[in-house]
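User: I would like to learn how to read a structure with two chains. Could you take me through some features one by one?

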Amino acid sequence: MTELDPVIHAQARLRVVASLSTLNVGDKIAFPRLQELLAMTAGNLSVHLRKLEEAGYVEISKTHRGRTPATLVGLSRRGRLAFEEYTETIRALLDPTSSKEQP
Amino acid sequence: MDLDDDSPPTDAAAALRLIQDQRSATARRLDPDARLLYWPWGVAWLVGFGLFFLRFAPGDRALVDLPSWLPLTVLFVLLAAAGTIQAVVSVRAYGQVSGDSARRGKWYGYAWALGSVSIYAGLGRISEHLPHDLAALLWSATAVGLTGALHMAGGAVWLDQDLFRLGVWISVINLVGAFAGPGWHPLIVAVAGGGGMLVAGAIARRRQQQRQQP
């Protein structure tokens, strides 16, 4: 059986990555908006984002909107790929007949 | 911090459900209701150009005795309202998203603004020398033509089939209206153009709901 990516294979981080995957490639979302979409506390979301950033799955950039600092979060190319692979693996587990790894 | 949420989903089915639910919930919140983007413009055209036809019907007749300033005033008020609704809805949905999409949206907005100003500046100088009915046709055929072209361009930018088709439709009915002549053009734009936008909004909404289904 294929190993599931341990970084994504945790409920909270899976929700974060799934949410970010709906953004178009090249887009980022402001931290507070992401927090609101996920209904997570800021501290909780930060912890998970840090783990995802360490794995190279999300890119976090600090910028300014006018005078207020803003934190923007987006899925990296690697993160998008990891999420797609994870989803593929899950689908294959549920329906082994359609899996490409099947002989 | 919730320790539980660091645990993996109970099984593959739960993981897939979680992915689908989260993606559709996010898409629902980040995609504004398509009807709010199409319908206000459709109503503006239907009512605004409709009143124009009733007041300035073919052959310089007035089918309904309205004050001559009313149709254009109503049209512009409704267009301004539609623009405001579009701006508010878009900012609420995409306001916190930045990057390539935001840049496309901004540039597309500039195309509308600058394109309109540059065209109308020229029209204004010509139309003062034309009789009223021809001036009206020149203005509305140009405005509707620009709208059709920019809708097609928008369809190309976002690879949005509905938007592109609406642009084609608007361009074609504009052509028909221009050949039908003064007086008839506003009727065609009101019914086929405004109605077309209402239909396009309903189609776009249905497509959106299918997309957002978990």
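Predicted model: local features only at pLDDT ≥ 70, side-chain atom pairs only at ≥ 80, totals over all residues.

User: How is the size of an interface given, and how much area do chain B and chain A bury between them?

Analyst: The size of an interface is often given as the accessible area lost when the parts come together. Here chain B and chain A bury about 2800 Å² between them, and 56% of that is on carbon and sulfur atoms. On the side of chain B, the residues that lose the most area to chain A are Gln22(B), Arg29(B) and Gln96(B), together 20% of what that side buries. Counted by contacts, 28 residues of chain B touch 36 residues of chain A.

User: In what order do the strands of the sheet come?

Analyst: The order is S2(A)-S3(A)-S1(A)-S1(B), in an open sheet of four strands with antiparallel pairing. At the edges are S2 (58-65) of chain A and S1 (97-99) of chain B, each pairing on one side only. On average, neighbouring strands are turned by 35 degrees against each other, direction ignored.

User: How many bridges join S1 of chain A to S1(B)?

Analyst: Three bridges join S1 (residues 27-30) of chain A to S1(B), and the two strands run antiparallel. In this pairing, Lys28(A) stands opposite Ser98(B). Helix H2(A) lies across S1 and S3 of chain A, at about 80 degrees to S1(A).

User: What should I look for in a core?

Analyst: In soluble globular proteins, nonpolar side chains tend to be buried together. The largest nonpolar core here has 34 residues, and among those that touch the most other members are Leu14(A), Ile29(A) and Tyr86(A). Both chains contribute: H1 of chain B supplies at least two residues, as do elements of chain A including H3 (42-54) and H4 (77-94). A second, separate core of 14 residues includes Trp45(B) and Leu163(B).

User: Which residues does Ile29(A) contact, leaving aside its neighbours within four places in sequence?

Analyst: Among them are Leu20(A), Leu34(A) and Val73(A) in chain A, and Leu30(B), Gln96(B) and Val97(B) in chain B.

User: How do I read a helix, and which residues of H3(B) are buried?

Analyst: An α-helix has 3.6 residues a turn, so residues three or four places apart point the same way. Helix H3 (residues 70-94) of chain B reaches 36 Å from its first C-alpha to its last, close to the 36 Å expected. Its buried residues are Pro71(B), Leu75(B), Ala82(B), Val89(B), Ser90(B) and Ala93(B). What covers them includes H2 (31-38) of chain A, with H1 (12-30) and H2 (34-55) of chain B.

Note on methods:
Residues numbered from 1 in each chain as written. Chains lettered and ligands numbered in written order. Heavy atoms only, no water. Expected span 1.5 Å × (residues − 1). Buried < 20%, exposed > 50% of the residue type's maximum accessible area, 1.4 Å probe, protein only. Contact = heavy atoms within 4.5 Å. Core = buried A, V, L, I, M, F, W, Y, C linked by side-chain atoms within 4.5 Å. Pairing = 2+ DSSP bridges. Axes fitted to C-alpha atoms, helices over the stretch in contact; angles between N-to-C directions. Buried area = accessible area lost by both parts, 1.4 Å probe.
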